[in-house]
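Q: I'd like to learn how to read helix packing and sheet layout in a model. Could you walk me through an example?

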Amino acid sequence: MSKADLVFTHGPVHTGDPARTRATTLAVTGERITAVGHDEVRELVGPGTEVVDLTGKLLIPGFQDSHVHAVYGGTELADCDLTGTVGVDDYLDRIRSYADANPDQAWITGSGWSMESFEGGLPTRQLLDSVVPDRPVYLVNRDHHGAWANSRALELAGLTRESPDPADGRIEREADGSPSGVLQEGATRLVAQLVPPITAADRLAGLLRAQQLLHSLGITGWQDALLGEFNGQPDPSDAYLAAARAGTLTARVTGALWWDRSRGAEQIPELVARRKELEHGRFRAGSVKIMQDGIAENFTAAMTSPYLDGCGCATANSGLSFVDPDALREHVTALDALDFQVHFHALGDRAVREALDAVEASVAANGRRGNRHHLAHLQVVHPQDIARFALLGAIANIQPLWAAHEPQMDELTIPFLGPERAAWQYPFGDLLRAGATLAAGSDWPVSSPDPLAGLHVAVNRMEPEATDGRVFLPEQRLDLVSALAAYTAGSAHVNGHDDAGSLRAGQLADLVVLDRDILTAPAAEIAEARVERTYVGGELVYTAN
């Protein structure tokens, strides 16, 4: 009997296999799991076998992220970082310090400010002028659907009170119509297109920086949710291809090619060509990303009924559908026929319905082709559409960290949705009970990429640091086994890795060792767990030691 290269002993081992969920020993030969069980597996230990004694630590399948922007996140780590605080004075101190530390930088760029920090979610250009008056400043907000610019940046972009809003965005304005400093959705590119471009070397460095971070969090593969030029940001595809060719891409990556919403079906042949071009090693790009709407906080998420105003009265605004629903059905049907997966951004209940209608049209025209179309974000889902996910085979791509009480939810979302719609938010439990397949992701750098933090919120429906005990829609909580499946087998399924996501003989040895058994610990302590080791294909890519 041939001996294993790697054996984990003295489990627990959580297999993710419904037929045998727990084991104590697992063996790896080459890049695949060769045995899972108990004492009998130790017979595969030979002189050259590396033995990892778990001593009560938990071995699980590697996490996969079903919706992330790794290159953007990695490059932003080198810019002015406003994450980790919501204090306006903290923001200004960080911006001033970054500008002082980079005197030769023509533009001050960064990201991570939160709408909750400002009245109405809107900072002003004058605040930025107070710390950097002489150079243009452009800072993307936490959700990456808006940006904050100073007067110099707006001046360079030629934006005045006469400047019209683009069709897919909004310039926030002062009382006299002058730009206030905040740009929403497609309006961001009016300034972003002037920012010095990120070089190919910067993108590659950002990818490798991101990969190191994601491996440290137990993530072995992901779907990059936007490969293409977007709002002035360069296409990150070249970074993936360069890393794959150089052998430095250790993660398994599926790319979602950006659907240019200003164009139509004429771009499909280009997507076919790009799919063929962007395939090497552990990288492939067989998905197409269609952004159907915006976000609820700036009232661009597409809703079936109007947003409310501050007094609770209906407005004339029901959000934006970026792609005409009739055209969307035609495009998705055509993409499905070419065996593309479609990755929808669908946040409001109208966008969710329009995306499901498009999947339904593709099934009616083409039959079920197994292309694993999925709807990401799903903040507001009309109850009438819950059962359609399982019926159509549409996968619910959830970002659990957002399903909690926090100021952006409580102050900038719930009052403008009203109580009925607010109760339709992030219906993870309803989707699972209705038979939908769940996949989980982070949308990093919009929010933390840490799957353990996401698991904590999925199970508890409150943030790890919450102290007030308020549970956000408790009936939508997931049990930990189901939540863990979404972050492993569910996301592996979406990403096209059918031989990953569970620990069974023959599967890829994409593995994570946690410092404790979260399945037996109190649910309130899930986020306290830490990753000790991460393996991809049996190779150690991260160790905490």
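A: Gladly! Start with angle classes: under 35 degrees is roughly parallel, over 145 roughly antiparallel, 65 to 115 roughly perpendicular, and the rest oblique. Axes are lines fitted to C-alpha atoms, for helices over the stretch in contact, with angles from 0 to 180 degrees between N-to-C directions. This is a predicted model, where local features need pLDDT of at least 70, side-chain atom pairs count only at pLDDT 80 or more, and totals for chains, interfaces and linings use all residues. Residues are numbered from 1 along each chain as its sequence is written, and side-chain values use heavy atoms, leaving out hydrogens and water.

Q: At what angle do the axes of helix 9 and helix 10 cross?

A: Helices (H or I, at least four residues) and strands (E, at least two) are DSSP runs numbered from the N terminus. The axes of helix 9 (residues 325-337) and helix 10 (residues 349-366) cross at roughly 45° and come within 8 Å, so the two helices are oblique to each other.

Q: In what order do the strands of the open sheet run?

A: Strands of a sheet pair through backbone hydrogen bonds, either parallel or antiparallel. Two strands count as paired if DSSP finds at least two bridges between them. Here the 6 strands follow the order 9-10-11-12-14-13, with mixed pairing. Strand 9 (80-81) and strand 13 (169-173) are the edges. Strand 13 pairs antiparallel with strand 14 (residues 179-185) over 4 bridges.
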